[in-house]
Every structure is written in structure tokens, then in C-alpha cells.
Amino acid sequence: MTATPPPGLDRLLSDPTRLAIMSVLSAVDWCDFAFLRDAVSLSDSALSKQLATLRTDGHVEQQRKYLGRVPKTSIRATEDGRRRFLGHVEALQHIVERTPRPADS
């Protein structure tokens with residue numbers, strides 16, 4: 001017998017790296033690329049790849065501005081991305097709550 005996953009689970013956020021990224025982005029308005037990279041302990045290229053996946057699915061949006069000649073990339077969770085992240089977290093909490101605890105020995 002297969003358990004039906006609770007509604008709200010987002011398959012894209014099943015990846016721990018993308019879940020961590022969305023966790024950071026859901027707590028801020030806009031976030032500097034370097035701050036996000038350091039917060040989730042990824043290389044520039046690994047973060048760029050994960051952001052491309054999240055952007056394609058509508059979870060995040062990016063903005064590039066220049067300070068003089070220096071490019072600055074900012075990222076934020078879209079409203080839909082925030083909603084889907086919170087739904088995913090609620091679904092995970094539901095799974096944890098219904099998991100039986102081992103008896104004390």
C-alpha cells in the first residue's frame with residue numbers, strides 16, 4: 001500500500017538545496033547573489049544552476065543592475081514561489097506530525 005502524499009508538496013522543493021534557497025528568499029524582500037551564495041554554502045555556478053531551475057518554474061525572479069561597471073544580481077521569491085514554499089513546508093510538517101514516535105526503552 002502506498003501512502004498518498006499530502007497536498008502542497010512541491011516536487012521541485014524536494015531537493016534540499018532548492019529548499020534551502022527558498023527558505024532564505026522567503027525571509028527577505030530582495031537578496032544579493034553573494035549573500036544567498038554564502039547563506040546556502042554553494043559555489044557561484046551551483047547557485048546559478050539552481051536559480052535557473054527555480055526561475056524556470058516561477059519560484060524566483062532575478063534582477064541585474066550595475067554599480068558603475070560592476071554587475072549586481074539580486075534575487076527574490078515570487079509571490080507564487082513563496083506560496084508554494086509555505087505549502088511545501090506545511091505538507092512536510094503534516095508528514096512529521098503523523099509519523100509515529102518510537103517508544104522509550
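How exposed is glutamate 61, in terms of relative accessibility? At 28% relative accessibility, glutamate 61 counts as partly exposed. The model discussed in this report is predicted.

## Overall architecture

The protein contains four helices and three strands. Read from the N terminus, these elements follow the order α-β-α-α-β-β-α.

The radius of gyration of the protein is 17 Å, whereas a compact globule of 105 residues would have a value near 13 Å. The C-alpha trace spans about 65 × 30 × 20 Å along its principal axes. Of the 105 residues, 28% are buried.

In soluble globular proteins, nonpolar side chains tend to be buried together. The largest nonpolar core of the protein has 17 residues, and Ile21, Leu25, Leu36 and Leu51 have the most contacts inside it. Two or more residues are contributed to this core by each of helix H1 (16-25), helix H2 (33-39), helix H3 (44-56) and strand S3 (70-77). H1 provides the largest share, four residues.

The surroundings of leucine 51 can be described individually. When neighbours within four places in sequence are left aside, leucine 51 is in contact with Ile21, Phe33, Leu36, Val60, Gln62 and Ile75. Two of these partners, Ile21 and Leu36, are also listed with leucine 51 among the residues with the most contacts inside the core.

## Salt bridges

The count of salt bridges comes to seven. One of them joins arginine 84 to aspartate 10, with the closest N and O atoms 3.1 Å apart. Because arginine 84 lies in helix H4 (residues 79-97) and aspartate 10 in the segment before H1, this pair ties together parts that are 74 residues apart in sequence. Aspartate 10 has a relative accessible area of 9% and is buried. Both residues belong to a network of salt bridges that links Asp10, Asp57, Asp80, Arg83 and Arg84.

A further salt bridge is formed by the side chains of arginine 76 and glutamate 61, at 2.9 Å from N to O. Arginine 76 is located in strand S3 and glutamate 61 in strand S2 (residues 60-67), so the pair ties together parts that are 15 residues apart in sequence. Arginine 76 is partly exposed, its relative accessible area being 26%. The side chains of aspartate 38 and arginine 37 also meet in a salt bridge, with an N to O distance of 3.1 Å. Here aspartate 38 is exposed, at a relative accessible area of 53%, while arginine 37 is partly exposed at 22%.

H4 comprises 19 residues and reaches 27 Å from its first C-alpha to its last, which is close to the 27 Å expected at 1.5 Å a residue. The buried residues in H4 include Gly81, Arg82, Phe85, His88 and Ala91. The cover over the buried residues of H4 includes H1 and S3.

Threonine 78 is found in the loop between S3 and H4. With a relative accessibility of 16%, threonine 78 counts as buried, because the threshold for burial is under 20%. A polar atom of the threonine 78 side chain lies 2.6 Å from the backbone oxygen of glycine 58. The side chain of threonine 78 also reaches the backbone nitrogen of glycine 81 at 2.8 Å, and glycine 81 is one of the buried residues in H4. Apart from neighbours within four places in sequence, threonine 78 is in contact with Gly58, His59, Val60 and Glu61.

## The loop between H2 and H3

Serine 41 is found in the loop between H2 and H3. Its phi is near 55 degrees, a positive value in a residue other than glycine. Serine 41 is exposed, with a relative accessibility of 64%.

Methods:
Residues are numbered from 1 along each chain as its sequence is written. This is a predicted model: local features need pLDDT of at least 70, side-chain atom pairs count only at pLDDT 80 or more; totals for chains, interfaces and linings use all residues. Side-chain values use heavy atoms; hydrogens and water are left out. A nonpolar core is a set of buried Ala, Val, Leu, Ile, Met, Phe, Trp, Tyr and Cys residues joined through side-chain atoms within 4.5 Å. Buried means under 20% relative accessible area, exposed over 50%, partly exposed in between (1.4 Å probe, protein chains only). Contact means heavy atoms within 4.5 Å. A salt bridge is a side-chain nitrogen of Lys or Arg within 4 Å of a carboxyl oxygen of Asp or Glu. The expected span of a helix is 1.5 Å times one less than its number of residues. A polar contact is a pair of N or O atoms within 3.5 Å; within protein, one must be able to donate a hydrogen and the other to accept it, and residues adjacent in sequence count only if both atoms are side-chain atoms. The radius of gyration is taken over C-alpha atoms; the globule rule is 2.2 Å times the number of residues to the power 0.38.
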